[in-house]
Every structure is written in C-alpha cells, then in structure tokens.
Amino acid sequence: MPKAYVFTRYGGPETEALMEVARPAPGPGQVLVAVRAAGINPVDWKLRTGHVRPGDGEQVFPAVLGREAAGVVEEVGEGVEGFAAGDEVFGNTVAGGYAEYALLSAEVTAHKPAALSFASAATLPVAAATAYDGIRHLDLPAGATLLVTGAGGGVGAAAVQIARATGLSVVGVASEGKKDFVEALGAVHVPSGPGWDARVRAAAPDGVDGVYDLVGGDVLAEAAGLLTDRTRLITAGAPVEEVERLGGARVARARTAAVLEEVARLVVDGRLDPYVTRTFPLEQAGEALRTVEEGHARGKVVIEVAR
C-alpha cells in the first residue's frame, strides 16, 4: 500500500505518523497524481492543531498533511478535461500532499512547464499564488511603495519578488537574521521587533502606499497606522474580522489554474525564485514540518517523493 504522512487526531507533533493508506480514487472534478514533491506551509501544522478554515468540513482521521503538490497524473475523475495520464502537473490538494499519491482539484491544477522542477512547482499553489493574489488585490501603480510584513517567509518572499516585477518599491519587515535574504529579494530590510514601525518611517520617509501583512496581531494594527488609505491594507496573516476593524481586508484569493500558470511563468521567466532552501524525503516529513513550525525556515521547504 502507498505511504502518507498523517495526523491521527488534533494536537502537536505527537499526533503525526508515516502510515500505509489506501490509494485514493479521483472523484468528479479531481485528478489523481503520483506525487513527486509537496510544499510545506504554516497552515499544515495549524490544521493539525485544530484550526478550522471557513468552508472546511468535519475532519476525518487519519488526515494526510499538505495543501500543495506536484506530480504525474495517474487518473482523472468524471468531468475532468485537459488532463490525461502521464501529464506533469501541480496544484492544490483535496486531501493532503505528503504522500505517494494525492488528489488535486482540477480547477486549481495546472500543467507543469518542462523548465520547472517538481520541487519548485510544488511551492507555488499556496505561497506564490497567495502572494500573487495579494499584489493583484492591492493594484498599486508602478513606482508606489509597498510594505510587506513577514517578508522572510514563503508568502513574503514571493510577494516581494512579484511586487518588484510589477515595478513597485518594497520595504520588507523580517528578523535581523533574514536581512541578507530580504535584501537579496530586492526589498529594503527593516528589522522586526519593538519599534519596527518607526524604523519603517525612517526607511521610507515619503510613506508607504500599501501594506501586505503576513503576521497579524499587533503588527497588523501598527502597520495600519502607517497608511492614510486603509483600503490599501490587506492581510493573509489575520482573520477577516481583525483586519476589517482596521479598515482593511483579507487577501481576495482567486484559486484558479490561471493564477498557477501565471506564477509558473514568472518562475520560468526568471522574475520569481521559489527559494526552495531545504528538501526532505517523505520518510522525514516530520522533521521537514518542524523546520517550518518552529519558524526557522527561509524561503520554502519541500518534501520530495522518490520514484
């Protein structure tokens, strides 16, 4: 039987295990892929702890971890067009991607360009697509200045690069240890921590025209104080109620294959580097997830599945 890395109940890392599971069968609108790589995101461990996203149904255990994957099509479900066995694809998972086989939603699955590795492709459906949707949501004119909080993470790194590719100046807030990384992305680095907003004012004396928040909490509230137009405040790091109280909004997610195709094109064209900084085999999925959960990762961490 194929293997998958799962969590067996809500809780901490002690709930995780590598298990043999039944090979999934694609339902209507779904694509079954033999996984070659799966991206790791903070949402993975948050879901394991019991976080419920709007629209999520009741969790069935054991639950496979992972929200994005790349691989080779094995089967297609009823009503699926444009995909066939043998196609190399990447997309959002239906029920977990840390596995030898995974189901993808055909609506949020795209063909992988030959020039794009499976590892890089597996990082795009969550982080890069969220970054792309946020930059498009803000719709700032070329030459404007964008502030990105949490600029050293997966979404933040992609947001900085996509913003730069559209002609924006970027100020990126991240820990002092990520200074070189953030500057390599093309942003002006501002150290996080107490007084960070004053440091932003010093780094951008003419002010910032938009904020893409990836942290939430006090950082989001302090970021709002840097704007004269709160409609230019968006977040992917806080609940909708929290940001709306400040006059901003959650990132409007498109969740379409067209967005995946566009971010893949940015990578192939050299305008977006997924920054896959570490890879782990499926057998070490727990260690890979700890790297992200403990906040030590720069860029993206990926699980690679041997074939």
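**Aromatic pairs**

Mentor: Searching the whole structure turns up four aromatic pairs. Rings of Phe, Tyr and Trp (its six-membered ring) pair if their centres lie within 6.5 Å; planes under 30 degrees apart count as stacked, over 60 as edge-to-face and the rest as tilted. One of the pairs joins Phe-7 and Phe-61: the ring centres are 5.6 Å apart and the planes stand at 75°, so this pair is edge-to-face. Phe-7 belongs to strand β1 (residues 3-7), while Phe-61 is in the loop between α1 (42-48) and β4 (63-64), so the pair ties together parts that are 54 residues apart in sequence. Helices (H or I, at least four residues) and strands (E, at least two) are DSSP runs, numbered from the N terminus.

This is a predicted model, in which local features need pLDDT of at least 70 and side-chain atom pairs count only at pLDDT 80 or more, while totals for chains, interfaces and linings use all residues. Residues are numbered from 1 along each chain as its sequence is written, and side-chain values use heavy atoms, with hydrogens and water left out.

Now consider how much of each residue is accessible. Buried means under 20% relative accessible area, exposed over 50%, and partly exposed in between (1.4 Å probe, protein chains only). Phe-7 has a relative accessible area of 3% and is buried. Phe-61, with a relative accessible area of 32%, is partly exposed.

Phe-61 also forms an aromatic pair with Tyr-10, again edge-to-face, with 5.2 Å centre to centre and 85° between the planes. Tyr-10 lies in the loop between β1 and β2 (16-20) and Phe-61 in the loop between α1 and β4, so this pair ties together parts that are 51 residues apart in sequence. Tyr-10 is partly exposed, its relative accessible area being 38%. Taken together, Phe-7, Tyr-10 and Phe-61 form one aromatic cluster.

Rings can also have a charge over them. A charge sits over a ring if NZ of Lys or CZ of Arg is within 6 Å of the ring centre and within 35 degrees of the ring normal. The ring of Tyr-101 has the charged end of Arg-23 over it, 4.9 Å from the ring's centre. Over the face of Phe-118 lies Lys-112, at 4.7 Å from the ring centre.
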